[in-house]
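The following exercises are meant for a reader who is new to this structure. Each consists of a task and a solution in steps.

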Amino acid sequence: MPPPRRPGDDLDHVYEVQDLRVRRWVRTRFDRMRFARRVLDDLRPPFVDVMLYESRDQLRVERGRAWRAPPGFLWASVGVPSGATREEIVLALVDVAGLDPDPVLVAWLLRPDEVFDT
């Protein structure tokens, strides 16, 4: 016999634990820096100066306050490794832009563009 139900038991709770040491490797080849620049151009984050660079092993995002600019301005540097997926790049840049990762926005940014495939 199942245990008795308590108030609030009918709520669904979903927790997702991600282990950063486990990656989903994608075998598709594409120009990751060009793709990241296109996503950044589409987002046009206001009040954020973003620098993209090629990193060696992981997708890395650093950010801080731009002290020489008026209050509210930020800087960010985004390191894009050669093994990054399109989804990882898009989610990192959406976060840098200060936007919620809305599924419609992410799908639009992930739209196919044959220019990036090699």
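**Exercise 1.** Is Phe73 buried or exposed, or partly exposed, and what is its relative accessible area?

*Solution.* The model is a predicted one, in which local features need pLDDT of at least 70 and side-chain atom pairs count only at pLDDT 80 or more, while totals for chains, interfaces and linings use all residues. Residues are numbered from 1 along each chain as its sequence is written, and side-chain values use heavy atoms, with hydrogens and water left out. Begin with the scale: buried means under 20% relative accessible area, exposed over 50%, and partly exposed in between, for a 1.4 Å probe and protein chains only. The relative accessible area of Phe73 is 26%, so Phe73 is partly exposed.

**Exercise 2.** Determine the aromatic pairs of the structure and describe their geometry.

*Solution.* Step one is the general principle: a pair of aromatic rings is described by the distance of the centres and the angle of the planes. Step two is the rule: rings of Phe, Tyr and Trp (its six-membered ring) pair if their centres lie within 6.5 Å, and planes under 30 degrees apart count as stacked, over 60 as edge-to-face and the rest as tilted. In one of them, Phe30 and Phe35 are edge-to-face, at 5.8 Å centre to centre and 85° between the planes. Phe30 and Phe35 are both buried. For Phe47 and Phe73, the ring centres are 5.0 Å apart and the planes stand at 85°, so this pair is edge-to-face. Step four places the latter pair in the chain. Phe47 belongs to the loop between helix 1 (32-43) and strand 1, and Phe73 to the loop between strand 2 and strand 3, so the pair ties together parts that are 26 residues apart in sequence. Helices (H or I, at least four residues) and strands (E, at least two) are DSSP runs, numbered from the N terminus.

**Exercise 3.** State how strand 3 is paired and why it is described as largely enclosed.

*Solution.* Two strands pair if DSSP finds at least two bridges between them. Strand 1 (residues 48-54) is parallel to strand 3, with seven bridges; here Val50 has Ala76 as its bridge partner. Strand 2 (residues 60-65) runs antiparallel to strand 3 and is joined to it by six bridges, with Arg60 opposite Gly79. Strand 3 (residues 74-80) has five of its seven residues buried, so the rest of the structure largely encloses it.

**Exercise 4.** Which residues are linked in a network of salt bridges?

*Solution.* A salt bridge requires a side-chain nitrogen of Lys or Arg within 4 Å of a carboxyl oxygen of Asp or Glu. By this rule there are four salt bridges. One of them joins Asp42 to Arg38 at 3.2 Å, N to O. These residues are four apart in helix 1, which means that about one helical turn separates them. Asp42 is partly exposed at 25% relative accessibility, whereas Arg38 is buried at 10%. Asp42 also forms a salt bridge with Arg111, where the closest N and O atoms are 2.9 Å apart. Arg111 lies in the segment after helix 3 (103-109) and Asp42 in helix 1, so parts that are 69 residues apart in sequence are tied together. The network therefore consists of linked Arg38, Asp42 and Arg111.
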